[in-house]
Amino acid sequence: MPEPTKKEENEVPAPAPPPEEPSKEKEAGTTPAKDEEEVSPPSALPPGLGSRALERKDSDWTLVETPPGEEQAKQNANSQLSILFIEKPQGGTVKVGEDITFIAKVKAEDLLRKPTIKWFKGKWMDLASKAGKHLQLKETFERHSRVYTFEMQIIKAKDNFAGNYRCEVTYKDKFDSCSFDLEVHESTGTTPNIDIRSAFKRSGEGQEDAGELDFSGLLKRREVKQQEEEPQVDVWELLKNAKPTFAKILDPAYQVDKGGRVRFVVELADPKLEVKWYKNGQEIRPSTKYIFEHKGCQRILFINNCQMTDDSEYYVTAGDEKCSTELFVREPPIMVTKQLEDTTAYCGERVELECEVSEDDANVKWFKNGEEIIPGPKSRYRIRVEGKKHILIIEGATKADAAEYSVMTTGGQSSAKLSVDLKPLKILTPLTDQTVNLGKEICLKCEISENIPGKWTKNGLPVQESDRLKVVHKGRIHKLVIANALTEDEGDYVFAPDAYNVTLPAKVHVIDPPKIILDGLDADNTVTVIAGNKLRLEIPISGEPPPKAMWSRGDKAIMEGSGRIRTESYPDSSTLVIDIAERDDSGVYHINLKNEAGEAHASIKVKVVDFPDPPVAPTVTEVGDDWCIMNWEPPAYDGGSPILGYFIERKKKQSSRWMRLNFDLCKETTFEPKKMIEGVAYEVRIFAVNAIGISKPSMPSRPFVPLAVTSPPTLLTVDSVTDTTVTMRWRPPDHIGAAGLDGYVLEYCFEGTEDWIVANKDLIDKTKFTITGLPTDAKIFVRVKAVNAAGASEPKYYSQPILVKEIIEPPKIRIPRHLKQTYIRRVGEAVNLVIPFQGKPRPELTWKKDGAEIDKNQINIRNSETDTIIFIRKAERSHSGKYDLQVKVDKFVETASIDIQIIDRPGPPQIVKIEDVWGENVALTWTPPKDDGNAAITGYTIQKADKKSMEWFTVIEHYHRTSATITELVIGNEYYFRVFSENMCGLSEDATMTKESAVIARDGKIYKNPVYEDFDFSEAPMFTQPLVNTYAIAGYNATLNCSVRGNPKPKITWMKNKVAIVDDPRYRMFSNQGVCTLEIRKPSPYDGGTYCCKAVNDLGTVEIECKLEVKVIYQGVNTPGQPVFLEGQQQSLHNKDF
């Protein structure tokens, strides 16, 4: 660390010397050239240098201490003005090579931002630029105590680190500083280095023997060396051979004004030597700021536009020697460019005193009658700074503000007088006489033209404020408010404004109507009760005769009685009772009192507080590799108590275990969970918390997954080759990651080159692409990359070059699985069948129905390179039959057949007869219909009708036999019966009715029903039809079916991989007549796995499993993976076909 000043160890402090004469400055060699700005050494420093001054003594600069009295007075002044420091750095002592730390603390309660702190050595050296190996500056902030801590640490102290230091802290117009000393002592047990030049110190300065050389220091050191048996040093020989490097060295110090120019000059004994200039140990390079000049043996350094950062130690080296100096930069004084002006104002007005100074944001102090004005949060004075303009603002001026105000800077001052007078007073609103009821509020209000205080009197005596009587002064309005008026409050009231000879009288008369006493309630008459508790609100009342109390809420009166909300009346009180308070009971309840003297009314707000509603499901707005950002809205209902914060929980999607992420309430509606596992789906939810408790959890957010780059695509293969094109296909990456998959990029290069060409300009979603425009017989290499939000994956290369030349491929027909069985459709429905095939070159296709050619006017056939489509807009029963497809490529032929069945509703049964009638029973028989609608008859529906009304009622549905017995008919009635036939399309449009009626006779033998013992139908669950292993096509709905029986009816649960399927929109579950169905909407390869159906009732539990494998269409080939469709294929396929 550089040292700004030097001081002899045995030197005694002396008083500061008087300013030196110009001749002395010239002798010191500090007179600059005519074209340079005047630079003075420290002997000509201004008085503002500090409590110490620099003194020249034998080419060494020393610090001269100020008298102790002045220093003590200055320290006392600093301690009185300390408005920022709560702990100041204290002086200390350290040994050479050890560390020491100085600490300063600043309270930040009234500070809006961090204060600025500076550390100085001496008066000028800013230590911020010296930080490095031996000096470190640190700062910390404690949020709980709101204290800034600033530290200066000196590491491995040296002798020249000793001296006086200063710490300054500033914040806007506030300033504070303190000084402290550092003493550095030699460590014990160390031998100082021998300095040959110290042997030539002249002894007895100022004495008779001055000028003689003192070798005692050297001789002592030589005695030590003699003990080590080292050769003796011949001092005279050293003097004889010594050759000085510098003929003229730098002055010990220089001073320049801020923005000025300084000139350093040294003169060399040998002009051939090279010199280097340094600033704080850093070498100075030539620039517009630093200019080097050589004049013979002189070496000159110019520093232009000096700033406060240039205040440092400089030295120059030549060979093995160097000489140093210090530069002090002085700031120019601040001048007042625009003076303050005398101002006159009225009481209550805003006053602004304005001046301008010569520098922006300069430090300016304001005074009132010679006392400094210190603005603060509770002060009426505010200071605004706008560049060079400084404004003192006084809000609501009073007579006490009339004074002489002055402003002071480092280079000048200005003053002005402020006069404050009273305005003419006008009475805008006089007091009015009032008649009030006993217990009501008395409010005497008047308004005058000026904002001045005043005095109230009652019957000539001053009014004393109390808890019941309040005097309010707000601007120009004066109020006297008396709560709960008493008879003794009656009298003559007068308001007299201060400083004016004006009075405002009023008379108050108090009467005694009914009164409602609400002293036990809070200021806004609010009663709070927790939901579920009982509220008993007793309101004291008074009045003579006793008033009648009526409670109401809105337009509905609340009566006495035994209801959940009721009232109870007593001579001196009225009670509102609410049993088991509910949320809807919150509101304003009104109580009305009435007697002969008048009426009284009061409103009481009942607030039922409860746990808050759960928030809406949070939204995840951004996802990273192991973090996300989530937002949510506050709950619609806060339970009647403000929301204090939120708890956040997270879980993996496949897990049921929630983990809380914060134990301190989150005050905001946004949160950032961290430390998640990349590639794992997560869900988050929110709990709202108020003073009552914690709400139920919100719905989980939509699942989200941290982003990840995909693995390379797999199984890159050649799909087809022509003379100019190559079609490649591949499978999706094994690991797609959380970022999903945006598409693929296919690249190729010709054999013998390394230039890869992008085949697709835009990303493709399919796993198949055709490279066009290739020369015949060329060989190419192909690679593919997967791309997502995280970037492109590693490429997947095709293992060998591909020859661009077409080959013949035999035809193959890929009949979809659902078409290998009879394809059934109803009359009027559309038939749209897609049959994929393959073959090269493009094959010839032939369709036949039942061995004959297809009528293209009724059935549309559409063919493409990879599939053929049969399309019937409205199917008819005549379209049923066997359809044959023939695909031919050259001499190769492939055939396939499809059975199509078009079904319709059946006809009615042919004949319905009444076979027998006995008691309350009728036996019916019928014959099946002639037309079964091209589908098997699945059952019959039987209805009956009373002959009197002929209204038909269904008796039996889904009946499979052709005879039935109808029971529980009404004796004495006459009935007709009819029967509908039913197939898989539904009931027949018409029904066949019995020709004769069945009369239930009153007379006859009474039929007695036989007595049967109750049969126990209880049965444990049992699967009558098991699940079977199934293959599904990706992108098309798939169903799993089984049948189960049991009594009581068992509860059905579906599971995938032992995990229950609950509230998942991708699955739909049905159960009808014991048939259980699970529908998987548009499955993907990830939906494959082991599915389980579990049936449970009181008698037992049974499970059954099956495996589901999801395959993908690759030009007719079923393989697992992401689906890729040929052009136009995806739009034409029906979701229900697969």
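**Salt bridges, pair by pair**

Tutor: The side chains of Arg 1045 and Glu 1019 meet in a salt bridge, N to O at 3.0 Å. This is a predicted model, where local features need pLDDT of at least 70, side-chain atom pairs count only at pLDDT 80 or more, and totals for chains, interfaces and linings use all residues. Residues are numbered from 1 along each chain as its sequence is written, and side-chain values use heavy atoms, with hydrogens and water left out.

Student: Why is Arg 1045 called partly exposed?

Tutor: Buried means under 20% relative accessible area, exposed over 50%, and partly exposed in between (1.4 Å probe, protein chains only). Arg 1045 comes in at 43%, so it counts as partly exposed. Glu 1019, at 26%, is partly exposed too.

Student: OK, how do you know that Asp 489 and Arg 468 form a salt bridge?

Tutor: Their closest N and O atoms are 2.5 Å apart, so they meet the salt-bridge cut-off.

Student: And is Asp 489 buried or exposed?

Tutor: Buried, because its relative accessible area is 5%.

Student: What about Asp 310 and Lys 279, buried or exposed?

Tutor: Both are buried. Their side chains also meet in a salt bridge, at 3.4 Å, N to O.

Student: How many salt bridges does the whole structure have?

Tutor: The search finds 40.

Technical notes. Salt bridge = Lys/Arg side-chain N within 4 Å of Asp/Glu carboxyl O.
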